[in-house]
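Let's walk through this one together, a piece at a time. Have the sequence and the 3D view open side by side as you read.

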Amino acid sequence: MKVVGMLMVSALLALASSFATAYDPSPLQDFCVGINDADSAVVVNGKLCKNPSFATADDFSYSGLNVPGNTSTQLRGHVNLITADLMPGLNTLGVSLARIDFEPNGGLNPPHYHPRASEVLLVLEGTLYAGFVTSNPDHRLFSKILKPGDLFVFPFGLVHFQMNVGNTPAVAIAALTSQNPGVNTVANAIFGANWPINAEVLTTAFHLDKKLVEDLQSQEWVNPS
């Protein structure tokens, strides 16, 4: 019984550890402005940070989200994600922000997911069809038509999308709960993998003809950014 008890405690500790590391860690200082120059940095929480005495307001600001992104792409959309690489003051704060631009009549931010973040979307202009799909076994679709001023939240790690269903350009702002949320675009990962996934795998998984799978794999898969 003692062995069983110890195993149960170990399992609970392992679960607690996995939950604790599922999100960006909380900082143990006011801020940690990211820097690549070791000669001008101090180590905080094991990370290189600019010496706080040398931090300026510029480290905590970014200009340019008022500028539309280039939507002359295959998907007719553009994502401008602001992380600590562009705004060093975001480092260790567990947040990032993106501007998403969509061309009229079908501009798309395709099905994708963020392995390290939840997301809340605010529509500024246009009309978007947005939604997410739950995990196994239900695969429930939650979707809505969004207009300026509307918010929609995409839970952590779930596949989601946005498409402009209006006849004017659309713009949205997305806030994400990680300084490095990551993005995995589903079609790109499946059909644009490098090296290609064995066609037999995709033929069986997607109930597709092998020739169609090979044709899809031969195409160029671009990211919406």
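Let's start at helix α4, where the buried residues are Val 213, Leu 216 and Gln 217. These three cover an arc of only 100° around the axis, so they sit on the same side of α4. The spacing makes sense if you recall how helices are built: an α-helix has 3.6 residues a turn, so residues three or four places apart point the same way. Keep in mind throughout that you're looking at a predicted model.

What about the other side? The face of α4 turned away from the buried one carries Lys 211 and Ser 218, which are exposed. As for what lies over the buried residues of α4, the cover includes α2 and α3, the latter spanning 199-206. The N-terminal end of α4 has a cap as well, supplied by Asp 209.

**Over to the strands**

A quick reminder before we trace them: strands of a sheet pair through backbone hydrogen bonds, either parallel or antiparallel. Here, five strands make an open sheet, running in the order β3-β4-β11-β6-β9, with antiparallel pairing. The edges are β3 (77-82) and β9 (151-154), each of which pairs on one side only. From one strand to the next, the twist averages 20°.

Take a closer look at the β9 end of the sheet. Strand β6, residues 119-125, pairs with β9 in the antiparallel sense over four bridges. If you want a spot to check in the viewer, find Val 120 and look across to β9: the bridge partner there is Val 153.

Other strand pairings are worth a visit too. Strand β10 (residues 159-164) pairs with strand β5 (residues 108-113), antiparallel, over three bridges; in that pairing, Leu 108 has Met 163 as its bridge partner in β10. Strand β10 is also joined to β7 by six bridges, and these two run antiparallel as well. Here you can look for Leu 128, whose bridge partner in β10 is Asn 164.

**Following the rings**

A pair of aromatic rings is described by the distance of the centres and the angle of the planes. The count of such pairs in this model comes to six. One of them joins Phe 132 and Phe 142, stacked at 5.2 Å centre to centre with 15° between the planes. Phe 132 sits in strand β7 (residues 128-133) and Phe 142 in strand β8 (residues 141-146), ten residues apart. Phe 132 is buried, at a relative accessible area of 10%, while Phe 142 is partly exposed at 30%.

Another pair takes us back towards the helices. The ring centres of Phe 191 and Trp 221 are 5.9 Å apart and the planes meet at 20°, so this pair is stacked. Because Phe 191 lies in helix α2 (residues 186-191) and Trp 221 in the segment after α4 (210-218), the pair ties together parts 30 residues apart in sequence. Phe 191 is buried, with 11% relative accessibility, and Trp 221 is partly exposed at 27%.

One last stop: Phe 132 and Phe 142 belong to an aromatic cluster that they form with Phe 152 and Phe 154.

Terms used: Residues are numbered from 1 along each chain as its sequence is written. This is a predicted model: local features need pLDDT of at least 70, side-chain atom pairs count only at pLDDT 80 or more; totals for chains, interfaces and linings use all residues. Side-chain values use heavy atoms; hydrogens and water are left out. Two strands pair if DSSP finds at least two bridges between them. Axes are lines fitted to C-alpha atoms, for helices over the stretch in contact, and angles run from 0 to 180 degrees between N-to-C directions. Rings of Phe, Tyr and Trp (its six-membered ring) pair if their centres lie within 6.5 Å; planes under 30 degrees apart count as stacked, over 60 as edge-to-face and the rest as tilted. Buried means under 20% relative accessible area, exposed over 50%, partly exposed in between (1.4 Å probe, protein chains only). The arc is that of the directions from the helix axis to the C-beta atoms. Contact means heavy atoms within 4.5 Å. A polar contact is a pair of N or O atoms within 3.5 Å; within protein, one must be able to donate a hydrogen and the other to accept it, and residues adjacent in sequence count only if both atoms are side-chain atoms.
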